[in-house]
Amino acid sequence: MRKILTYLKSYKKECVLAPLFKLLEATFELFVPLVVAAIVDTGIARGDTGYILRMCGIMILLGVIGLACSVTAQYFAARAAVGFSTKLRHELFAHIQGLSFTELDQAGTSTMITRMTNDVNQVQSGVNLVLRLFMRSPFIVFGAMAMAFTIDVKAAMVFVVTIPLLSVVVFGVMLISIPLYRRVQNALDQVLGKTRENLTGARVIRAFHREEEEIDEFERRNGVLNSLQRFVGKLSGLMNPLTFIIINMAIVVLIYVGGVQVDTGVITQGEVVALVNYMSQILVELVKLANLIITVTKAVACGNRIGQMLEVQSSQKDGKEAFTESGTPEDYIVFEHAQLTYAGSSVPALADLNLRVKQGQTIGVIGGTGSGKTSFVHLLPRFYDTTAGSVRIGGRDVKDYRIEELRRRIGIVMQKAVLFHGTIRENLLWGNENATEEELWAALDTAQARNVVESKTLGLDEPVGQGGGNFSGGQRQRLTIARALVRRPDILILDDSASALDYATDAALRKAIRGMSGGMTVFIVSQRTSSIQHADQIVVLDDGRMVGLGTHDELLEGCEIYREIYESQYRKEGA
């Protein structure tokens, strides 16, 4: 929590002025019971209407000044809280963007979404209330006790006994609640994770008629969250009745003591009224403080969770070298005993990979499901780092390059085609924000996506829904390929990105890519042997190991796994 409070440094002025104006409001409020006492003892006792009206005017003036101070304090508190949460969100989002895929996999999407939304909102509310009430409420409590001593020491001893009892109740509930609210937030993570999973896979759920099972699972997780929230809610709910009981008992004692003091002539009736008013002020402030404690408890739990996320450091260290090709075109890309073991796994996903790629070659990558094809190509842009061995591009280990510059030279089209909300033009400009109209259309031509754009009423300015939901799977794939080609990368990775295309379009795409100038090196990951059979080299993977390397014809002769894949897709003669 302490780590994230550093983002309040830019709002030092607001953090001082908000409590200051609240203390001014509280100061004026403490004078109100004295004015009431004067009205009772002087105005009412003497029947002096003019005096009563003057005192009422003073009360109204105190109320107006207090209101002005309160509004000013609220303004500064809101300014600090909203500005703080804005900076915190930006920092958290930037931090998450800087994490490697390893940390993102470990943290989980639902957890990060909760941190960015609900947790930050809770912390924002906590900061706002703390700036307004954290100093005001104790000031009123102890100020009322001090004012009581100016009236009568014996009656004020009731305050001395009452305030510690109330403190025990308030802080006792807080200490028990903090860890429970942390469990509530973790349960909320589970509910959000299940919700996100169901929304993302809604079509699959319906296709397999799993609605009832998923509803039951959601209700189970929601039930856990509900039970935790009810339990901690009941615990927090004890605070108000307990404080009311203590305060009301104190008022009874105070009236009794005050009555005795009035009979003996030590204090006046107006002063007894003032003492009761001070006790009532303490009651109101402690109710506020109780609510503040509950909010702060949630905020601290959420702040600690955000702090934990900010403390997660990327396992990847950025290199210092610029992208300069010191190697030879013959050894443009080199995998040397490369191995990858995912975090939390004891078995390597990739093991002992050795490959040399000439500049401008096309490399096909094929293998069964789970053989490590995607992991293999993810080593090039450093989505994951090798845990043993090395990957070199242009004569240097990829770990030596600055990550941003390395990835600027690589265009990658993921297995899942993702478009972003906006227009087709805006999505294509992700590849190169300075691309001209001609370059955009050239990329669309190569990606066989010109007809997709021309079929739309607004052309390049056609709106794109979130995730590209208003386009078919094949259209999304062609547009994401075009987006990668706009960059005109040195290395192009097509990670099973043509799976939704028909054979004719796939063939036209591969022919167009081969015809591109600039000596681009291409990696094609595919389940189809037809998509890679014309590649210069084909890598065959099985269970994370390279079991075949060569041309299509060579592998048909010497690699049993490749031959089985090929024959499963093309029936033998006479079969």
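**Exercise 1. Aromatic pairs**

Determine how many aromatic pairs a search of the whole structure finds, and classify the pair formed by Y342 and Y384.

Solution. The search of the whole structure gives 8 aromatic pairs. Rings of Phe, Tyr and Trp (its six-membered ring) pair if their centres lie within 6.5 Å; planes under 30 degrees apart are stacked, over 60 edge-to-face, and the rest tilted. For Y342 and Y384 the centres are 5.0 Å apart and the planes make an angle of 85°, so the pair is edge-to-face.

Helices (H or I, at least four residues) and strands (E, at least two) are DSSP runs, numbered from the N terminus. Y342 sits in the loop between β1 (333-340) and β2 (350-357), and Y384 in the loop between α11 (373-378) and β4 (388-393); the pair therefore ties together parts 42 residues apart in sequence.

Then assign burial. Buried means under 20% relative accessible area, exposed over 50%, and partly exposed in between (1.4 Å probe, protein chains only). Y384 is buried because its relative accessible area is 8%, whereas Y342, at 28%, is partly exposed. Finally, ring pairs link F101, Y342, F383 and Y384 into a cluster.

The model is predicted: local features need pLDDT of at least 70, side-chain atom pairs count only at pLDDT 80 or more, and totals for chains, interfaces and linings use all residues. Residues are numbered from 1 along each chain as its sequence is written, and side-chain values use heavy atoms, with hydrogens and water left out.

**Exercise 2. Salt bridges**

Find how many salt bridges the rule gives, and state where R356 and D331 lie.

Solution. Side chains of opposite charge can pair when their charged atoms come close. The rule asks for a side-chain nitrogen of Lys or Arg within 4 Å of a carboxyl oxygen of Asp or Glu. The count comes to 22 salt bridges.

Take E217 and R221 as one case: their side chains meet at 2.9 Å, N to O. The two are 4 residues apart in helix α8, so about one helical turn separates them. E217 is partly exposed at 22%, and R221 is partly exposed at 21%.

R356 and D331 also form a salt bridge, at 3.5 Å, N to O. R356 is in strand β2 and D331 in the loop between α10 (269-311) and β1, so this pair ties together parts 25 residues apart in sequence. R356 has a relative accessible area of 45% and D331 one of 29%; R356 is partly exposed, and D331 is partly exposed.

In the bridge between D490 and R409, the closest N and O atoms are 2.9 Å apart. D490 lies in the loop between α16 (473-486) and β9 (491-495), and R409 in the loop between α12 (403-408) and β6 (410-413), so the pair ties together parts 81 residues apart in sequence. D490 is partly exposed at 25%, and R409 is partly exposed at 27%. Salt bridges that share partners join K22, E25, E29, R136 and E285 into one network.
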